[in-house]
Amino acid sequence: LEFMKTKVMLKGRSDDDLANLPMVAGNMKIIMELLAMICSFSFHVGLVDLVSMAGFRMMKLSLKHGLYSPFVFSVYGVLSGSIALQSGYMAAYHEASRFGELAIRMLPRFSEESRCRAIIVSTLFTIHLKRPFNRCLDSALQAYRSGMQVGDANFSFCSTSGYLYIYFCCGLPLQALLKDCPLYASQMAEYGCTLYLQHATILHQFVLNLTGESQRTTELSGDVMDLNEYLRVSPSLVVEHIRIFQMCLGFYFEDIAQAKEAADILWQSPRDEETFIAITFIRRLYQGLVFLRLARETGKRKYRRRGRHMIRFLEKFVKSGNINCLHCLLLLKAEELRNSRTAKPDVVRKAYNNAIASASRGGFTHTSAVAHELASKYFEEQGDDDWASFYLKNAHLRYGEWNAFAKVSYIEQLHPEIVTTEIPLERASIHSGNYRGQARFNARPSVIHRGESLRLFSGSISSTSTIDLAPGNLNSL
């Protein structure tokens with residue numbers, strides 16, 4: 001009801017009309033500030049109803065009395081997207097992307113504090129609906145810097161967590177995450193941001209498993225986190241992320257029992273159907289892969305239906321113009337076709353090639369590796385050793401490019417002949433020429449924030465306590 005009332009008020013207003021609304025003033029500005037505080041607090045603690053109430057109210061007041069913050073438009077975009085998925089009213093999906101981009105467009109008119117909140121909400125939830133994932137990385141880091149500059153640690157580390165997860169979803173080299181995760185996590189611990197520290201630590205443990213830095217490839221525990229403790233004390237969203245990475249590890253290393261258990265648990269909690277976070281697409285891809293494999297191996301209809309559900313979920317996004325999950329959809333369709341008893345090998349091969357081409361064009365190295373591996377297994381079942389070997393060698397290469405060296409070693413153990421591949425794998429470092437694949441942790445925003453905090457609490461800083469911001473000193477932090 002609130003959404004439809006707001007839609008009526010927005011009818012006939014172009015982006016230019018909205019971007020040029022006058023600024024709010026007087027008592028109404030105080031009311032808007034209170035609503036923004038309610039919305040921000042509810043966002044961090046997961047009170048969805050309060051976010052909706054405050055978000056729609058802020059938008060209506062902005063249209064009537066003037067602009068308060070681009071944060072209003074970014075929140076309205078998220079709420080529109082949620083309604084799109086819950087109701088099937090996919091026109092609201094386009095509203096989500098529209099208002100996320102509009103919030104970014106309006107940033108120059110507002111203060112640094114307003115910029116931080118607007119950037120992170122738009123980056124995590126809306127602008128990636130039409131932008132490639134890798135074009136959202138800089139926005140997330142910009143929000144981190146803005147948050148530190150104005151002292152908003154919660155939103156700053158929310159943006160950091162978003163950056164780390166979007167980076168993973170891009171399929172860029174994992175070595176950069178291996179460097180960045182512990183550095184950002186140490187900052188989160190210093191500032192007491194427990195929720196985002198948990199998200200970063202889970203991803204860090206997962207990367208340790210995949211890169212071969214952990215001795216236990218399928219167990220999401222032991223190096224930087226205690227799995228049982230996390231399952232006991234963490235909020236539901238953190239637990240769901242644990243299940244996602246457990247499912248992925250089980251799938252990569254053929255622990256189908258673990259993958260099935262995690263996928264079944266996630267099936268019972270379809271929380272992310274109400275959100276647009278990037279990890280949603282990874283979750284749906286691997287749930288679909290697990291369910292379609294179980295359908296093939298057990299013959300049970302429930303797994304075929306669940307796999308089909310994941311395909312329909314991704315189809316809604318692709319039909320609405322999302323370019324970040326097309327490769328996921330094509331790979332699931334190839335697996336579904338593989339399960340068909342009447343599909344000819346050439347048709348299945350074409351379906352896998354379409355998924356590989358889509359993943360390669362988008363730079364999703366991890367999906368390209370999985371698609372090659374699944375194609376290899378299919379042709380191995382068909383007794384076609386030439387095609388099986390071709391796809392396996394490419395899977396081995398792609399996993400190496402992704403820095404998933406534990407998976408590379410796993411393939412080499414199963415297929416010793418693959419070690420003689422003509423293309424050597426670089427295991428020591430990421431490619432320095434690929435800017436997007438580099439570690440990006442920078443201590444400067446946190447140092448500046450601590451310096452400003454000292455000034456606020458002490459009134460002045462003596463010459464002996466002044467923080468030296470020279471690059472050489474920053475590198476030692």
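Reader: Let's start with one residue. At 3% relative accessibility, does Asn403 count as buried or exposed?

Author: Buried means under 20% relative accessible area, so Asn403, with its 3%, counts as buried. Keep in mind that we're looking at a predicted model.

Reader: And where does Asn403 lie?

Author: In a loop, the one between α20 (385–401) and α21 (405–414).

Reader: What should I look for in its backbone?

Author: The general idea first: most residues other than glycine have a negative phi. Now the case here: Asn403 isn't a glycine, yet its phi is positive, about 70 degrees. Glu254 is another non-glycine residue with a positive phi, near 60 degrees.

Reader: Where is Glu254 found?

Author: Also in a loop, this time between α13 (236–252) and α14 (256–267). Its relative accessibility is 26%, so Glu254 counts as partly exposed, while Asn403 counts as buried.

Reader: OK, zooming out. How many helices and strands are there in the chain?

Author: The chain has 23 helices and zero strands. Of its 477 residues, 54% are buried. The accessible surface is about 20,600 Å², and carbon and sulfur atoms account for 52% of that. As for contacts with a separation of 6 or more, 68% are between residues 24 or more positions apart.

Reader: How do I read a pair of helices?

Author: Two packed helices are described by the angle between their axes and the distance between the axes. Take α15 (residues 279–298) and α19 (residues 365–381): their axes come within 13 Å and cross at roughly 10 degrees. Angles under 35 degrees count as roughly parallel, so that's what α15 and α19 are to each other.

Reader: Which residues make the contact?

Author: From α15, it's Ile282, Leu285, Tyr286, Leu289 and Arg293; from α19, His366, Thr367, Val370, Leu374 and Lys377. Sorted by type, the residues of this contact are six nonpolar, two polar and two charged.

Notes:
Residues numbered from 1 in each chain as written. Predicted model: local features only at pLDDT ≥ 70, side-chain atom pairs only at ≥ 80, totals over all residues. Heavy atoms only, no water. Helix = DSSP H or I, 4+ residues; strand = E, 2+ residues; numbered from the N terminus. Buried < 20%, exposed > 50% of the residue type's maximum accessible area, 1.4 Å probe, protein only. Contact = heavy atoms within 4.5 Å. Areas by Shrake-Rupley, 256 points an atom, 1.4 Å probe, with all protein chains shown as cover. Axes fitted to C-alpha atoms, helices over the stretch in contact; angles between N-to-C directions. Parallel < 35°, antiparallel > 145°, perpendicular 65-115°, else oblique. Nonpolar A, V, L, I, M, F, W, Y, C, P; charged D, E, K, R; others polar.
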